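Here is a short briefing to read alongside the coordinates. Have the viewer open as you go through the points below.

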Amino acid sequence: MVPDDSARDATAISLFTAPGTCARVVAIGLFEAGVPFEPRLVRFMAGEHRSAAFLAVNPLGKVPALRIDGAVIVENTAIVRYLARRYP
């Protein structure tokens, strides 16, 4: 189950990801930019992408989802573009 991190620091960066998915693109972007982040594993085989906790993060039930500054950005292109602008 995707743990609820709503009580965590709003400045913390969490990447919701799953093995073998395109979320790896965002993880590489964060790593290359030197941005510390907490990977949050979403277990598709266990159905966690359909859990209420994860659907609250991304109603589409897909990864990647990046929680940053208290907001959530989804879709690789949007996330990578955001990271490129924020961490040039």
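The protein chain exposes about 5400 Å², and carbon and sulfur atoms supply 61% of that area. Keep in mind that this is a predicted model. Of the 88 residues in the protein chain, 36% are buried.

**Overall layout**
- The protein chain holds three helices and four strands, and from the N terminus on they run β-α-β-α-β-β-α.
- Take the contacts between residues at least 6 apart in sequence: 53% of them join residues at least 24 apart.

- Helix α1 spans residues 23-33, and its buried residues are Ala23, Val26 and Leu30.
- Why do these buried residues line one face of the helix? Seen down the axis of α1, they fall within an arc of 55°, so they share that face.
- After α1 comes Gly34, with a positive phi near 75°.

**How α1 meets α3**
- The axes of α1 and α3 come within 9 Å and cross at roughly 5°.
- Angles under 35 degrees count as roughly parallel, so α1 is roughly parallel to α3.
- On the α1 side of the contact are Ala23, Val25, Val26 and Leu30, while α3 brings Asn76, Ile79, Val80 and Leu83.

**Nonpolar cores**
- In soluble globular proteins, nonpolar side chains tend to be buried together.
- Which residues form the largest nonpolar core? There are ten of them: Ile13, Leu15, Val26, Leu30, Val35, Leu66, Ile68, Ile73, Ile79 and Leu83.
- At least two residues of this core come from each of α1, β3 and α3.
- Leaving aside residues up to four places away in sequence, Leu66 touches Ile13, Ser14, Leu15, Leu30, Ala71, Val72, Ile73, Ile79 and Leu83.
- A second, separate core has eight residues, among them Phe16, Ala23, Val57 and Ala65.

**Putting it together**
- Val26 and Leu30 are buried in α1, belong to the largest nonpolar core and take part in the meeting with α3.
- Ala23 is also buried in α1 and also meets α3, but Ala23 belongs to the second core.

Technical notes
Residues are numbered from 1 along each chain as its sequence is written. This is a predicted model: local features need pLDDT of at least 70, side-chain atom pairs count only at pLDDT 80 or more; totals for chains, interfaces and linings use all residues. Side-chain values use heavy atoms; hydrogens and water are left out. Buried means under 20% relative accessible area, exposed over 50%, partly exposed in between (1.4 Å probe, protein chains only). The arc is that of the directions from the helix axis to the C-beta atoms. A nonpolar core is a set of buried Ala, Val, Leu, Ile, Met, Phe, Trp, Tyr and Cys residues joined through side-chain atoms within 4.5 Å. Contact means heavy atoms within 4.5 Å. Accessible areas come from the Shrake-Rupley method with a 1.4 Å probe; for residues, only the protein chains shown count as cover. Axes are lines fitted to C-alpha atoms, for helices over the stretch in contact, and angles run from 0 to 180 degrees between N-to-C directions. Angles under 35 degrees count as roughly parallel, over 145 as roughly antiparallel, 65 to 115 as roughly perpendicular and the rest as oblique.
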